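Student: I would like to go through this model with you, one topic at a time. Please keep the answers plain.

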Amino acid sequence: MHANRPLRIVIGADTFPPDINGAARFAHQLATGLAGRGHEVHVICSSATGPAGRETLLGHGGSVTVHRLRSHRTPCHPTFRICLPWRTGSAVRELLGELAPDLVHVQAHFSVGRALVRAATEAGIPVAATNHFMPENLLGYLPLPDAVRRGVATLAWRDLARVLAPARLVTAPTPTAVAMLREHRVGGRVLPVSCGVDLDRLGAGAGTPTGRTVLFVGRLDQEKRVSDLLHALALLPERLDVRVELVGDGSCRAELEVLAQRLGVADRVRFHGFVSETELLAAHARSAVFCMPGVAELQSIATMEAMAAGRPVVAADAVALPHLVRPGRNGWLFPPGDAAALAAALIRLFDEPGALSRMGAASRELIARHDLHASLARFESLYADVLGRPVARPEPVEQVA
């Protein structure tokens with residue numbers, strides 16, 4: 001085959017749709033986006049139901065072959081599934097022998113990711129990696145004292161560094177996320193590459209909101225701190241008539257429903273659970289403001305999508321969220337866990353004449369540099385660097401509906 005040709009890429013993912021989280025969403029849009037740009041893309045991931053299988057995924061003008069490995073439930077997380085290492089290693093080696101990819105791009109360092117890094121390295125296949133991991137994303141599910149939790153976090157970072165050591169390139173979504181990797185000595189060549197967001201898809205249905213609804217999209221888990229938003233809602237003056245919509249589900253949902261009742265705001269909070277893509281776009285269109293109170297965001301695709309929909313953002317001043325929110329321009333930051341400060345930011349947004357439309361327009365302007373097509377082109381360029389040769393990208397064939 002010619003050196004200058006489209007690539008055959010294997011994307012390794014320990015979490016992939018129908019899983020609902022940022023890492024799964026990014027892996028999906030990366031796979032379908034690269035396929036739409038003419039590359040042959042295969043995803044190796046854990047099964048969502050247990051048994052191994054193979055399926056074809058259509059999207060963005062191309063098709064992706066998804067190879068699902070046998071998986072099992074875990075006791076510490078309600079949805080995360082794990083592939084047993086002794087089965088995963090042999091399955092991955094067999095698939096790599098069958099597919100003979102130009103490059104392997106892993107999205108995690110857990111069972112599937114570490115098996116792929118090991119097998120690809122042994123086979124002489126170049127490896128790239130993207131990190132979406134922070135220990136806080138998982139430690140919230142373990143009933144551990146704080147001192148033990150810190151020790152486990154240190155060990156988790158060391159494990160990440162060891163697994164990704166053979167990778168020729170490691171990316172993370174933001175400069176802050178890259179700095180964290182370098183601090184913990186993860187990877188050699190570490191670069192920031194935005195997850196990207198489909199600006200056209202989010203902007204098409206976004207109009208001017210008629211009510212005062214604050215939207216949150218994400219997992220209802222501990223590190224997302226949705227309780228801070230409910231406490232802030234209880235502090236808002238009745239004259240504002242603010243409503244909150246929560247899109248997503250998770251281990252804290254029942255606890256949050258009880259909290260809403262206790263705070264006396266249950267009639268102003270709507271728990272949607274998981275929704276379809278159409279319903280998600282409708283939720284963005286209804287909303288006036290997006291709120292992200294989470295304290296473990298390496299970028300936050302949900303916040304980026306709200307910005308693409310033209311919404312102001314009120315977010316915790318934590319980890320990478322300050323990369324997205326410019327205080328006074330497209331929203332406000334508040335100290336993590338400070339419900340009173342969150343409430344004050346919402347009051348300021350709703351009371352200041354023209355603030356919603358002005359800051360919403362600024363969100364669209366700021367998020368433009370995170371366009372998904374630019375992120376895909378950046379990954380193609382990095383793949384070419386890793387492989388030491390140009391990467392061809394033919395025009396994708398239009399699919400007939």
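Student: How many aromatic pairs are there?
Tutor: The count comes to four aromatic pairs, where rings of Phe, Tyr and Trp (its six-membered ring) pair if their centres lie within 6.5 Å. The model is predicted, so local features need pLDDT of at least 70 and side-chain atom pairs pLDDT 80 or more, while totals for chains, interfaces and linings use all residues. Residues are numbered from 1 along each chain as its sequence is written, and side-chain values use heavy atoms, without hydrogens and water.

Student: And how do Phe 110 and Phe 133 sit, stacked or edge-to-face?
Tutor: Phe 110 and Phe 133 are edge-to-face, with 5.7 Å centre to centre and 85° between the planes. Planes under 30 degrees apart count as stacked, over 60 as edge-to-face and the rest as tilted.

Student: Where in the chain are those two?
Tutor: Phe 110 is in the loop between β7 and α3 (111-123), and Phe 133 is in the loop between β8 and α4 (136-139). The pair links distant parts of the chain, 23 residues apart. Helices (H or I, at least four residues) and strands (E, at least two) are DSSP runs numbered from the N terminus.

Student: New topic: what is the order of the eight strands in the open sheet?
Tutor: The order is β3-β4-β2-β1-β7-β8-β9-β10, with mixed pairing; two strands pair if DSSP finds at least two bridges between them. The edge strands, β3 (53-59) and β10 (190-192), each pair on one side only. From one strand to the next, the twist averages 25°.

Student: Which helix lies across β9 and β10?
Tutor: Helix α6 (residues 175-183) does, running at about 165° to β10. Axes are lines fitted to C-alpha atoms, for helices over the stretch in contact, and angles run from 0 to 180 degrees between N-to-C directions.

Student: What about the open sheet of six strands?
Tutor: Its order is β13-β12-β11-β14-β15-β16, with parallel pairing. β13 (269-273) and β16 (331-334) have a single partner strand each, so one side of each lacks a neighbour in the sheet. The twist there averages 20° from one strand to the next.

Student: Which strands does α8 touch?
Tutor: Helix α8 packs on that sheet, touching β11, β12 (243-247), β13 and β14, and its direction makes about 165° with that of β12. Contact means heavy atoms within 4.5 Å.

Student: At what angle do α8 and α12 pack?
Tutor: Helix α8 (residues 226-235) and helix α12 (residues 339-351) pack at about 60°, with their axes 8 Å apart. That makes α8 oblique to α12: angles under 35 degrees count as roughly parallel, over 145 as roughly antiparallel, 65 to 115 as roughly perpendicular and the rest as oblique.

Student: Which residues of α8 meet α12?
Tutor: Asp 228, Leu 229, His 231, Ala 232 and Leu 235 in α8 meet Ala 339, Ala 340, Leu 342 and Ala 343 in α12. By class, the contact of α8 with α12 has seven nonpolar residues, one polar and one charged. Ala, Val, Leu, Ile, Met, Phe, Trp, Tyr, Cys and Pro count as nonpolar, Asp, Glu, Lys and Arg as charged, and the others, Gly among them, as polar.

Student: How do α8 and α9 run, roughly parallel or roughly antiparallel?
Tutor: The axes of α8 and helix α9 (residues 253-263) come within 10 Å and cross at roughly 15°. The two helices α8 and α9 are therefore roughly parallel to each other. Among the residues that meet are Leu 230 and His 231 in α8, and Leu 256 and Arg 262 in α9.
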